[in-house]
Amino acid sequence: MDERERKSVKSDSKKTETAPCSSSASAPEQPKTDSKPGDDDELKIDICSDKFDPLLALYSPTAPPLPFPNIKCFNNVAEYESFLKGGRGRAKPENVEKKRRKAMKGVADPERIERLKNLMVKKTESEEGESSSGTTQRKRKQRPQKNVLTRMPLCKGSPLGELYRCVEERIRVKVHIRTFKGLRGVCSGFVVAFDKFWNMALVDVDETYREPLFGEAFYHEKALTVSRLFEKLNLQEGSGGDEPVKKQEAEQKSSKHQSGDAKTTPKSCSAQPTSVKGDSRTAESKLLQEVETTQGKHKVSLKAQGPQTYGRVHTRHINQLFIRGENVVLVNPQPL
Amino acid sequence: MESEGAESSVPAPVEVFSSIRERTIAENSMVVLLQGLQGEVTTVDLRNESTARGRVISVDAFMNIRLADVLYRDRRDQLTRLQDLFVTGRNVRYVHIPDHVDIMKTIQNQLSKIHRVRNFASEGGGRKEFPKKTK
């Protein structure tokens, strides 16, 4: 302690020595304010200068100017020593960064959001266009969207998948429509969209259908079967035009007519006024095609006049049509 | 349908369902196309061979259709004018889509509406935070 006093005295004396050199005053007092010019004072307080006077700096009313901004100030040498050794909470670069981040925790940081965004993209295929907000929403939206349009291609490998192929390749399809008992008609068009119920949206539709029957004809109407349906289909393709698109007793008629049996034709003729007139019309066409007997022709002409009052076949064109799946019997893609 | 689960308390506009169940059914079927036709004048062919032509007020997930200002033609071609007609979904056979309607676009629009509403309802409490974060 004595040494320190001596040292300080020495330094004081040194300073007092220097002081008189620069000034005319002889008094060895440290705080020389008025007599000195302002520059000197500033120099004394300035830490970096040669003329730094620590006592002056300590007792001056204003704090000495710091050479660097945000410089760390210590209260004594011991504190400085421990700081140098790297004690708890020393300002390593990483610690500084952590403290800064912690301080700015609440604030939405664009950089942080970017980092999160990148994470999101790596994890899942988010189909959301706007992906700006927090992570909790992402978890909800991460599942791929499932709606009627996305479900269409999912059907591949099943009959509906075949229908999807018709959508993709724009294949014309014929959709058989049902009445509650039997076939109503055929819609020919291009499928735009469909769903699992076979509800379909078609464009450029040509519908060929037959009016429903009433009364006796209805009663005698034979129930539609798959075989009859396809026979009707073959018949329709064979004859073309606006053939009636209804069921008929094709087997019986065709066999009968092919045999050219005179007896059978009268039978069938008598049966026909009471039977479904659609049958009669198909029978008529068959007669026209196959049987060339005069009897047949005669009968045909008679029948031709008969079935015009009810159960007529109509054709219409509709640009865009929606069909409820419940009414669909089958879908027949048209070969190109 | 009764409302279920997390719904928005705002009274639902005409386009939106009140129940999640109906929304899901509609979203996964072609009913969305018919819902996109709301407001259009169309012809609905019924299962009983009759037709109804009028403005579509609403279509629900089960294809029940409500029409207004309807010209109803029964199967004997007898015309009747009706102010309001409700058709059960099962009785629909065809719905004629007006020529000016784009099928794919309508479906996509309807799906995006449903999607938006669904997110709105589920984000209930957190809705306020959206504007801040997006800015």
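How many disulfides does a search of the whole structure find over all chains?

## Cysteines

The search finds 0 disulfides over all chains. The structure is a predicted model, and this count applies to the whole of that model.

A:Cys73 has a relative accessibility of 54%, and because the cut-off for an exposed residue is over 50%, A:Cys73 counts as exposed. A:Cys187 has a relative accessible area of 0%; buried means under 20%, so A:Cys187 is buried.

## Make-up of chain B

Chain B contains 4 helices and 5 strands. Along the sequence they follow the order α-α-β-β-β-β-β-α-α.

Chain B has 135 residues, and 44% of them count as buried. Its accessible surface is about 7500 Å², with 49% of that area on carbon and sulfur atoms. Taking the contacts in chain B between residues at least 6 apart in sequence, 46% link residues at least 24 apart.

Strand β2(B) covers residues 51-59 and strand β3(B) covers residues 65-73; the two pair in the antiparallel sense over 7 bridges. One position in this pairing is B:Ala52, whose bridge partner in β3(B) is B:Tyr72. The hairpin of β2(B) and β3(B) has 5 residues between the strands, and B:Met63 in this hairpin takes a positive phi near 70°.

## Contact between chains A and B

Which residues of chain A lose the most area to chain B? The contact as a whole involves 41 residues from chain A and 36 residues from chain B. Together the two chains bury about 3300 Å², of which 55% is on carbon and sulfur atoms. On the chain A side, A:Gln320, A:Phe322 and A:Arg324 lose the most area to chain B, and together they account for 22% of what that side buries.

Charged pairs also occur across the contact, with a count of 4 salt bridges between chain A and chain B. One salt bridge joins the side chains of B:Arg90 and A:Glu326, at 2.3 Å from N to O.

Definitions and conventions
Residues numbered from 1 in each chain as written. Chains lettered and ligands numbered in written order. Predicted model: local features only at pLDDT ≥ 70, side-chain atom pairs only at ≥ 80, totals over all residues. Heavy atoms only, no water. Pairing = 2+ DSSP bridges. Buried < 20%, exposed > 50% of the residue type's maximum accessible area, 1.4 Å probe, protein only. Contact = heavy atoms within 4.5 Å. Areas by Shrake-Rupley, 256 points an atom, 1.4 Å probe, with all protein chains shown as cover. Disulfide = S-S within 2.5 Å. Buried area = accessible area lost by both parts, 1.4 Å probe.
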